[in-house]
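Biologist: I am new to this structure and would enjoy a close look at one part of it. Please start with the whole chain and then zoom in.

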Amino acid sequence: RRPPRSTLFPYTTLFRSRFTIAAVILLAVYFKKIKNINKNELKHGIIMGVALFGGYYLQVLGMEYGSTAGKCAFLSATFCVMVPFLSWGVFKKVPDKYSVIAAILCIIGVALVSIENGAHITVGDGIILISAFFYAVNIMFTSEFSTRENNDTIILAFLQIAVVAILSWLIVIIKGDIPQAYNIRAVMGVVYLGVF
């Protein structure tokens, strides 16, 4: 069962504002470079941005559907062991023995965290594992696309952040997730995250 949303400072507002600020700053600082964007950069930046948005949004959704902060932090971190195996499947880069050992340890860790103190696996935990998959996809593509000769990493960074901002705005509009009150500490936190 999904808990009621807070009207004080919804998570989608956090993402929308944070990534919008970051995209505007990058555009202002690197405008001369960004205006020369090519088709490959556009395509790759959009792919990276969609994957990054999926990671962030599903992580928040998992928390809303009953995962705890501790389990969320651990389950989200499983993206680390997913990356080598995704690269194996997509780009035919075979993982080494350390990746296999890390994957086994991670599965054991997920089991231990999920069953501690009689805790049970929630729908939110499953959603967070899916978000970890999106983070892994983002890292895999970031690693692959940023090393290609005709891609500029600054342009890719701008595009993926701008895509997250746009998708977050769309979610806010669709869900009507507009805050009715603002907490100054939350606002300052968003500004900090957006700038730095």
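Among contacts in the protein chain between residues at least 6 apart in sequence, what percentage join residues at least 24 apart? After that, please take me to Asn138.

Modeller: Happy to! This is a predicted model, where local features need pLDDT of at least 70 and side-chain atom pairs count only at pLDDT 80 or more, while totals for chains, interfaces and linings use all residues. Residues are numbered from 1 along each chain as its sequence is written, and side-chain values use heavy atoms, leaving out hydrogens and water.

To your question: 88% of those contacts (heavy atoms within 4.5 Å) join residues at least 24 apart. The protein chain has nine helices and zero strands (DSSP runs numbered from the N terminus: H or I of at least four residues for helices, E of at least two for strands). In sequence order, the pattern reads α-α-α-α-α-α-α-α-α. Of its 196 residues, 42% count as buried (under 20% relative accessible area, with exposed over 50% and partly exposed in between, using a 1.4 Å probe and protein chains only).

Now to your residue. Asn138 sits in helix 7, which covers residues 123-146. With a relative accessible area of 7%, Asn138 is buried. Leaving aside residues up to four places away in sequence, Asn138 touches Met48, Ala51, Leu52 and Gln160. With Gln160, the side chain of Asn138 makes a polar contact of 2.9 Å (a pair of N or O atoms within 3.5 Å; within protein, one must be able to donate a hydrogen and the other to accept it, and residues adjacent in sequence count only if both atoms are side-chain atoms). Phe79 is 59 residues from Asn138 in sequence, yet their C-alpha atoms are 9.8 Å apart in space.

Next, look at how helix 7 packs. Helix 3, residues 39-64, meets helix 7 at an angle of about 160 degrees, with axes 7 Å apart (lines fitted to C-alpha atoms, for helices over the stretch in contact, with angles from 0 to 180 degrees between N-to-C directions). Helix 3 is therefore roughly antiparallel to helix 7 (over 145 degrees; under 35 is roughly parallel, 65 to 115 roughly perpendicular and the rest oblique).

For another view, visit Thr20 in helix 1, residues 11-29. Thr20 is partly exposed, at 23% relative accessible area, whereas Asn138 is buried.
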